[in-house]
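Please keep the sequence and the 3D view at hand while reading.

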Amino acid sequence: MPTKIEKLTKLFEANRNEQEAEPMKKYLKNHFSFLGIKSPIRKELEKEFFKETGMLKEPLDQEFIIELWEKDEREYQYSALTYLEKSLKKLQKEDLALMERLVLEKSWWDTVDAIAAKPVGKIAEKFPEIIEEVIDCWAVHDNMWLRRTAILFQLKYKEKTDEERLYGYIKSNSGSKEFFIQKAIGWALREYSKTNPASVKQFINENSLAPLSVREGSKYVD
């Protein structure tokens, strides 16, 4: 009896496209290898896979996620993220440790951003105590990707955004020379400005931020 991973691997290998794989690899600065399966095709294959296995009706399978994360080609990590997105209601407080592992392993913006805004954001919404217990530490962590995750986890919170915490995280990271931190600050401010533009405008005016952060954050501010 093939395992779930074996079933998904068989589907993906049957749709491998070496011609598409090279530009996809270059798009992510050659950090990862690809099967060359474009997103619309991959999503159809995932849909077929989830229907066949019925695993979306089962409890969250952490081992499945880890196994996908350990595979070489990036499409497998994307499928892990698809599975997580379809399982947000199942996430529990203890799943945050897995999210941290996923952020720290094979780190790049394409996976980190999805983890931050969706599973981490959902866990923090359901179990707000983990913000003080864990995410506050991420905001000043040595690892850039954990800091980016902390800055972005409220991205979809809108009026539920903890403004004081968001601005605190940004101030803690405003001196960073890292492109991905400066970009995250701008993105977080831009999203929050859709809810509270006056506050974001005032914050930008009163704080010293990188030009990239200001440019990104000011997009929807008059």
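In this predicted model, the charged end of Lys-71 sits over the ring of Tyr-76, 4.8 Å from the ring centre, and the charged end of Arg-74 likewise sits over the ring of Phe-32, at 3.6 Å from its centre. A charge is taken to sit over a ring if NZ of Lys or CZ of Arg is within 6 Å of the ring centre and within 35 degrees of the ring normal.

Because the model is predicted, local features need pLDDT of at least 70 and side-chain atom pairs count only at pLDDT 80 or more, whereas totals for chains, interfaces and linings use all residues. Residues are numbered from 1 along each chain as its sequence is written, and side-chain values use heavy atoms, with hydrogens and water left out.

A search of the whole structure finds 15 aromatic pairs, where rings of Phe, Tyr and Trp (its six-membered ring) pair if their centres lie within 6.5 Å, and planes under 30 degrees apart count as stacked, over 60 as edge-to-face and the rest as tilted. Two of these pairs are set out here.

| Pair | Type | Centre to centre | Angle between planes |
|---|---|---|---|
| Phe-50 and Tyr-83 | stacked | 6.1 Å | 25 degrees |
| Trp-108 and Phe-180 | edge-to-face | 5.1 Å | 70 degrees |

The pair of Phe-50 in helix H3 (residues 39-53) and Tyr-83 in helix H5 (residues 74-85) links parts of the chain 33 residues apart; helices are DSSP runs (H or I, at least four residues), numbered from the N terminus. Trp-108, in the loop between helix H6 (96-104) and helix H7 (109-126), is 72 residues apart from Phe-180 in helix H11 (residues 179-193). Both Phe-50 and Tyr-83 are buried, as are Trp-108 and Phe-180, where buried means under 20% relative accessible area and exposed over 50%, with partly exposed in between (1.4 Å probe, protein chains only). Ring pairs also join Phe-49, Phe-50, Phe-64 and Tyr-83 into a cluster.

In helix H10 (residues 163-173), the buried residues are Leu-166, Tyr-167, Tyr-169, Ile-170 and Asn-173. They lie on the same side of H10 because they cover an arc of only 155 degrees around the axis, the arc being that of the directions from the helix axis to the C-beta atoms. The face turned away from this buried side carries the exposed residues Glu-164 and Lys-171. The buried residues of H10 pack against helix H8 (129-138), helix H9 (144-152), H11 and H12, with contact meaning heavy atoms within 4.5 Å.

Definitions and conventions
Helix = DSSP H or I, 4+ residues; strand = E, 2+ residues; numbered from the N terminus.
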